[in-house]
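Dear colleague,

Please find below the structure that I am handing over to you. My notes on what was found in it follow directly after.

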Amino acid sequence: ANSTTNCTEPGECRIGLGRCNGAMAECEMPPFRPNGTVCNDGTATCYNGECLGSLCLAYGGNKSCFCEGSNERCQVCCYIDGSCQSLRSSRLNVTGIITEQQAGAPCDYYEGFCDFFGFCRRLDDQGPIARLRSALFSAETITNAIEWSKKYWWAVALMVVGLVIVMALIIHFLSKNTKKTVETKREKAVQARQGRSQGQGQGQGQGGVELNRRRG
């Protein structure tokens, strides 16, 4: 390719586009903006030509950290003067950047994530189904169920009798409907056979009358 061919995509952290040198199959990378330059609408900073750095890089190369305050867990926090502080509550002159973490960002030492309202939500390792299974089939639940059945044995007996009655009614209803359906289909089949027999008899009678008429 000639020297006017672009070989890189535009980027906030690059000055211009990369171009082919026209002599070798290599792309000459454009100059990078300084590390710590705010990019992506104030949510990140440039790092080695990519908009992937922490906002803390814009303040003397301080590293990012997790704030422990309940109201600061989803704010951008950096090591400032030897302690972890929120950029919003610090004394630094913070302008042109977003001091809240984006939705989905990790918080509470990677034990949670930030929601759309800026709150840190704890991660659920088990999930609702696993929690329900643990609650229903735990040793404590089974022991409590056994103790309750011993104490209220009469209630358990009534529930068993009621269940048997309900099942008997369901079986009776289903068997009655099944028998009625079978009888209906049988009657329709008999009527269909009778109709075919009558049609054949009428056809034979009409054929005999026509034959006698021709003979006469």
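A residue is called buried when its relative accessible area is under 20%, exposed when it is over 50%, and partly exposed in between (1.4 Å probe, protein chains only). Please note that this is a predicted model, in which local features need pLDDT of at least 70 and side-chain atom pairs count only at pLDDT 80 or more, while totals for chains, interfaces and linings use all residues. Residues are numbered from 1 along each chain as its sequence is written, and side-chain values use heavy atoms, with hydrogens and water left out.

I begin with the disulfides. A disulfide is a pair of cysteine sulfur atoms within 2.5 Å, and a search of the whole structure finds eight of them.

Strands (E, at least two residues) and helices (H or I, at least four) are DSSP runs, numbered from the N terminus. The torsion about the S-S bond of C13 and C46 is about -85 degrees, so this disulfide is left-handed. Both cysteines, C13 and C46, are buried.

C65 is joined to C84, again with S to S 2.0 Å. The link of C65 and C84 is right-handed, with 95 degrees about the S-S bond. C65 is in strand β6 and C84 in strand β8, 19 residues apart. Are these two cysteines buried or partly exposed? C65 counts as buried because its relative accessibility is 12%, whereas C84 is partly exposed because its relative accessible area is 30%.

C107 and C120 are also joined by a disulfide (S to S 2.0 Å). Its torsion is about 90 degrees, so the link of C107 and C120 is right-handed. C107 lies in strand β9 and C120 in strand β11 (residues 120–122), so the pair ties together parts that are 13 residues apart in sequence. With a relative accessibility of 0%, C107 counts as buried. C20, by contrast, is in no disulfide; the nearest cysteine sulfur, that of C7, is 4.4 Å away. C20 counts as buried, because its relative accessibility is 14%.

Next comes the sheet that contains C65. Two strands pair if DSSP finds at least two bridges between them. Three strands make an open sheet in the order β6-β7-β8, with antiparallel pairing. Its edge strands are β6 (64–65) and β8, each of which pairs on one side only. β6 pairs with β7 (residues 77–80) over two bridges, and C65 stands opposite C77 in β7.

Finally, I draw your attention to Q101 and its surroundings. Q101 is in the loop between β8 (83–86) and β9 (106–107). Q101 is partly exposed, because its relative accessible area is 31%. Which residues does Q101 contact, leaving aside its neighbours within four places in sequence? They are C74, Q75, V76 and C114, where contact means heavy atoms within 4.5 Å. Q101 and R73 are 28 residues apart in sequence and 8.8 Å apart in space, C-alpha to C-alpha.

With kind regards
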